[in-house]
Amino acid sequence: MSQTIFIRPQTRKRTDGIKEKNSYFLCPSNTVLTGRCHSGDENGKTWYEYSTLAAFDENNSVVQGNIIVDDIQWSPWLKESSGNGYDAVENRVLVGRQHNGDENGQTRYATAIIKFNGKEVTLVNQITSDSIKESRNIWISSDANRFMTGRHHSGDENGLTTYCQGYIIIS
């Protein structure tokens, strides 16, 4: 009988604020997005939280192994204010975001696959955050076990935003 291994955020770090209009962020090597905060309109600032990764067994003991964030791909561009949002597919997690212009501008997301000892992981138990007003300087961070997997925004900076998050397992 094989055991289930959980990949979890380990050491979280936050960026300095960057101007939202015409912004670009890609997580450092072997890290993934775990949070985001925005204040103001397109001339306001955005902060990102990213994390290193660690593996744990069902008893919450550390499991040694090689964890890599691999195969970074960018999504197609989408209109930020459309409300359609973006959800990573095929067990991918968010590792970056690029935005051009104001709320009517275009946004795209960088996604990646996490591998443990060469084996691709499985994303399970996805949840969606409560809706927040984008401009209000509210941090949304994943819990101790989850990673960012999607984001949905509707309207201008006073519109509502939700974030999708999921667990990562290897069984």
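Predicted model: local features only at pLDDT ≥ 70, side-chain atom pairs only at ≥ 80, totals over all residues.

In soluble globular proteins, nonpolar side chains tend to be buried together. In this model the largest nonpolar core comprises 33 residues, and within it Ile7 and Ile114 have the most contacts. Two or more residues each are given to this core by strand 1 (5-14), strand 4 (32-39), strand 5 (45-56), strand 7 (67-74), strand 10 (92-100), strand 11 (106-116), strand 16 (147-154) and strand 17 (160-170). Of these, strand 11 provides the largest share, namely five residues. The surroundings of isoleucine 114 can be followed residue by residue: when residues up to four places away in sequence are not counted, isoleucine 114 touches Ile7, Val32, Leu53, Ile67, Ile68, Val69, Val93 and Ile168, and also Lys119, Glu120 and Val121.

The aromatic rings give another view of how parts of the chain meet. A pair of aromatic rings is described by the distance of the centres and the angle of the planes. The count comes to four aromatic pairs, and one of them joins tyrosine 86 to tyrosine 109 in a stacked arrangement, with 5.4 Å from centre to centre and 10 degrees between the planes. This pair links distant parts of the chain, since tyrosine 86 belongs to strand 9 (residues 86-87) and tyrosine 109 to strand 11, 23 residues apart. Tyrosine 86 and tyrosine 109 are both buried. Elsewhere, ring pairs link Phe25, Tyr48 and Tyr50 into a cluster.

Is glutamate 80 buried or exposed? Its relative accessible area is 7%, and glutamate 80 is therefore buried, the cut-off being under 20%. Histidine 152 is 72 residues away from glutamate 80 along the chain, yet their C-alpha atoms are separated by 8.5 Å.

Leucine 26 lies in strand 3 (residues 23-26), and it counts as partly exposed because its relative accessibility is 31%.

Conventions
Residues numbered from 1 in each chain as written. Heavy atoms only, no water. Helix = DSSP H or I, 4+ residues; strand = E, 2+ residues; numbered from the N terminus. Buried < 20%, exposed > 50% of the residue type's maximum accessible area, 1.4 Å probe, protein only. Core = buried A, V, L, I, M, F, W, Y, C linked by side-chain atoms within 4.5 Å. Contact = heavy atoms within 4.5 Å. Phe/Tyr/Trp six-rings, centres within 6.5 Å; stacked < 30°, edge-to-face > 60°.
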